[in-house]
Amino acid sequence: MKWGILATGNIAGKFASTIRQMEGEGQTLAAVGSRRAESAAAFAGRYGIPRAHGSYEALAADPSVEAVYVATPNSLHDPDVRLCLENGKHVLCEKPFTLTAAQALELYALADAKGLFLMEALWTRFLPLYGRLRELLAQGAIGRVERVSCQYGFVAQGARRERKFRSELGGGALLDIGVYNLGFLQMMLGEPAGVETKEVHFTEFGTDDYSRLRLVWPDGCEAVSVQAIGQELPRHALLEGTEGSVFLPDFQHAAGMTLRTAAGERELRFPFEVNGFEYQIREVSRCVAEGRTASPAYPPASSIALAALTERIRAGWGMRFDGEG
């Protein structure tokens, strides 16, 4: 797959580094685009990318690019994905996919109509550990799951903190890292029947820096999700069932878990081959080769449901982004 990268921030750098380590699999970096020619040129030099474009439009129109990784701020995902699709490119868009479910629905419909592949880059969906964990749950290894908890928090300072929270960029902890928590719960338990905010705190930008959510499922399972920017929280997750539990010391960089049952305790390890991004990149390549417009492993319905859930939570808070209709 010949990749173009739209934007030149930190996450774009991680993606570029991953592609460079997958060249033996046929993955290549064809071009990068930025709003500033200087940024594009610097990024291209850093990662050995042959073409640098000083606009997103030029990157999207580059005939050497087959697929585009969209790594712009949250509020720009909708127009930037649309730009790439209109130019005939397959797209992998960084999470959160869109600010609203309606935007997500329109983009997936557009991709399908054009015969192009589109997927949200929620890279944790494709980690090997989660395939095995879903198997264990389906086999009843810990019985019926009754309670789940997950948390994720980090500290951002200076200009990085402002970027994380700016309302016009779709900022806040819920969309920045809460989607990992909610995506994890969706992957393990399916769509929740209800969600309740137990606690939320807002910044001077009018966006959230902490929330604690309670979610419930039709079978009675309950979950607590905590997401914060401004305090360090270990990325722990715990699934408790009627016959045991599974503990993940880091549910985002999920490379290991502990299974506890009446038979004893077992450590299971699933180390990454590169850095974890490689699995979603392989999924894009596989689906494109098969002529698919969407991933069966992370279908549009799940991505749209995740956008609907975060939108529902924000509505309960009365939190709207600057520029949002």
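Guide: Two strands are called paired if DSSP finds at least two bridges between them, and the strands (E, at least two residues) and helices (H or I, at least four) are DSSP runs numbered from the N terminus. The model is predicted, so local features need pLDDT of at least 70 and side-chain atom pairs count only at pLDDT 80 or more, while totals for chains, interfaces and linings use all residues. Residues are numbered from 1 along each chain as its sequence is written, and side-chain values use heavy atoms, with hydrogens and water left out.

Visitor: How many bridges join strand 9 to strand 10, and in which sense do the two run?

Guide: Strand 9 (residues 208–216) and strand 10 (residues 222–229) run antiparallel and are joined by 7 bridges, with Arg214 standing opposite Val224 in strand 10. Strand 13 and strand 14 also pair in the antiparallel sense, over 6 bridges; they form a hairpin with 2 residues between them, and Met257 stands opposite Leu268 in strand 14.

Visitor: What is the order of the strands in the open sheet?

Guide: The sheet has 8 strands in the order 8-9-10-7-11-12-13-14, with mixed pairing. Strand 8 (194–202) and strand 14 (264–269) stand at the edges with a single partner strand each, so one side of each has no neighbour in the sheet. Neighbouring strands of this sheet are turned by 10° against each other on average, direction ignored.

Visitor: Which helices lie across these strands?

Guide: Helix 6 (residues 128–138) lies across strand 7 (145–154), strand 11 (237–241), strand 12 (244–248), strand 13 (256–261) and strand 14, at about 15° to strand 13. Helix 10 (residues 300–317) lies across strand 8 and strand 9, at about 55° to strand 8. Contact here means heavy atoms within 4.5 Å, and the angles, from 0 to 180 degrees, are taken between N-to-C directions of axes fitted to C-alpha atoms, for helices over the stretch in contact.

Visitor: How is a pair of packed helices described?

Guide: Two packed helices are described by the angle between their axes and the distance between the axes. Helix 5 (residues 101–114) and helix 10 pack at about 160°, with axes 8 Å apart. Among the residues that meet are Leu105 and Tyr108 in helix 5 and Ile304 and Glu311 in helix 10.

Visitor: Which residues of helix 1 are buried?

Guide: In helix 1 (residues 10–20), Ala12, Gly13, Phe15, Ala16, Thr18 and Ile19 are buried, that is, under 20% relative accessible area with a 1.4 Å probe, protein chains only. Their cover includes strand 1 (2–6), helix 2 (37–47) and helix 9 (278–289).

Technical notes. Buried means under 20% relative accessible area, exposed over 50%, partly exposed in between (1.4 Å probe, protein chains only).
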